[in-house]
Amino acid sequence: MPGISELRAWWAGWPPAAGAAVMATGIVSMGLHLSGDETLSRVVLVLAAIAWVALAADFVMRLATDRPRWLADAATPGALTAVAATTVLGTRLSVLGWETLAAALLALSALLWPGLLVFVMRHWARRMPGSVFLGCVATQGLAVLGATLAAAVETAWLAHTAMVLFWLGLVLYGLALVRFDLRQVLEGAGDHWIAGGALAISALAGARLIAAGDGRPHRPAPDGRSERTSRSRHPTADDLAYMRAIAPHASRPSPFPRFGHHAA
């Protein structure tokens, strides 16, 4: 049937960077949540989840039925949007208080991340477009989700792991910057903006790590939960970095006193 053939052709034409659609939809959901439009935010979140499931199915189907193409796609920086999209979705779910599902997405993204990252970096060229910074974005996405969950469930090792990922993300940014073709700023197709977005999510990861290490005592929140839990599930202005790729500012270091590590 013509309709089915067109659908298959459209499905087969999805680029490796299609995960950016899930990222964008998740960011819109977060923005709507921050503006107080919770119902609409959840509707958009459902759309993001549906898109993520479709992309996950496509990922598995290509791996099972067209391995050469899967390997070719996995070698491109855009493949790392699969990791970044999963962490954005997980972070939004954690904000809703669905820590178990968010933790499952963190585990899945952590499984995908090292293999895809190494495979992509092995195919880096000397002069790369802005997509070269997606290694940093994916890594910092893991740091953001890990720090968000660490604040919600008060898990020290998760906060410390997120800190390692944060620093690794900065190292990856430096390596990408060396490979980035500066002419792309004037001649590129538009993906050079990722250079700024990668710094934005790095700053957000740092802000979330500071929140995870906030040692202030419990105080009841207006809804009856602890103030600390309320902060972990209800994002502050720092989360606007997700919505518009602008970095929040972190003003003090985090010794993680809340998890039993006290400053001298």
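# Helices, core and rings in a predicted model

Visitor: In which loop does Pro15 lie?
Guide: The model is predicted, so to speak of a local feature requires a pLDDT of at least 70 and side-chain atom pairs count only at pLDDT 80 or more, while totals for chains, interfaces and linings use all residues. Residues are numbered from 1 along each chain as its sequence is written, and side-chain values use heavy atoms, with hydrogens and water left out. Helices are DSSP runs of H or I with at least four residues, strands are runs of E with at least two, and both are numbered from the N terminus. With the helices set in this way, Pro15 lies in the loop between α1 (2-12) and α2 (19-34).

Visitor: Is Pro15 buried, partly exposed or exposed?
Guide: A residue is buried under 20% relative accessible area, exposed over 50% and partly exposed in between, using a 1.4 Å probe and protein chains only. The relative accessible area of Pro15 is 48%, so this residue counts as partly exposed.

Visitor: How many helices and how many strands does the chain have?
Guide: Read from the N terminus on, the elements of the chain run α-α-α-α-α-α-α-α-α-α-α-α. The count is therefore twelve helices and zero strands.

Visitor: What share of the contacts with a separation of 6 or more comes from residues 24 or more positions apart?
Guide: A contact requires heavy atoms within 4.5 Å. Among the contacts of the chain with a separation of 6 or more, those between residues 24 or more positions apart account for 80%.

Visitor: Which side chain makes a polar contact with the side chain of Ser41?
Guide: Ser41 is in helix α3 and counts as buried at 0% relative accessibility. Leaving out residues up to four places away in sequence, Ser41 touches Ser29, Leu32, His33 and Arg92. A polar contact is a pair of N or O atoms within 3.5 Å, where within protein one must be able to donate a hydrogen and the other to accept it, and residues adjacent in sequence count only if both atoms are side-chain atoms. At 2.7 Å, the partner in such a contact is the side chain of Arg92.

Visitor: Is the pair of Phe133 and Tyr173 stacked, tilted or edge-to-face?
Guide: Rings of Phe, Tyr and Trp (its six-membered ring) pair if their centres lie within 6.5 Å, and planes under 30 degrees apart count as stacked, over 60 as edge-to-face and the rest as tilted; the structure holds four such aromatic pairs. For Phe133 and Tyr173, the ring centres are 4.8 Å apart and the planes stand at 40 degrees, so the pair is tilted.

Visitor: How many residues apart in sequence are the parts that the pair of Phe133 and Tyr173 ties together?
Guide: Phe133 is buried with a relative accessible area of 0%, and Tyr173 counts as buried at 12%. Because Phe133 lies in the loop between α6 and α7 while Tyr173 lies in helix α8, the parts tied together by the pair are apart in sequence by 40 residues.

Visitor: Against which helices do the buried residues of α8 pack?
Guide: The end C-alpha atoms of α8 are 35 Å apart, which agrees with the 34 Å that its 24 residues should span. Its buried residues include Leu158, Leu165, Phe166 and Tyr173. The helices against which the buried residues of α8 pack are α6, α7 and α10.

Terms used. Expected span 1.5 Å × (residues − 1).
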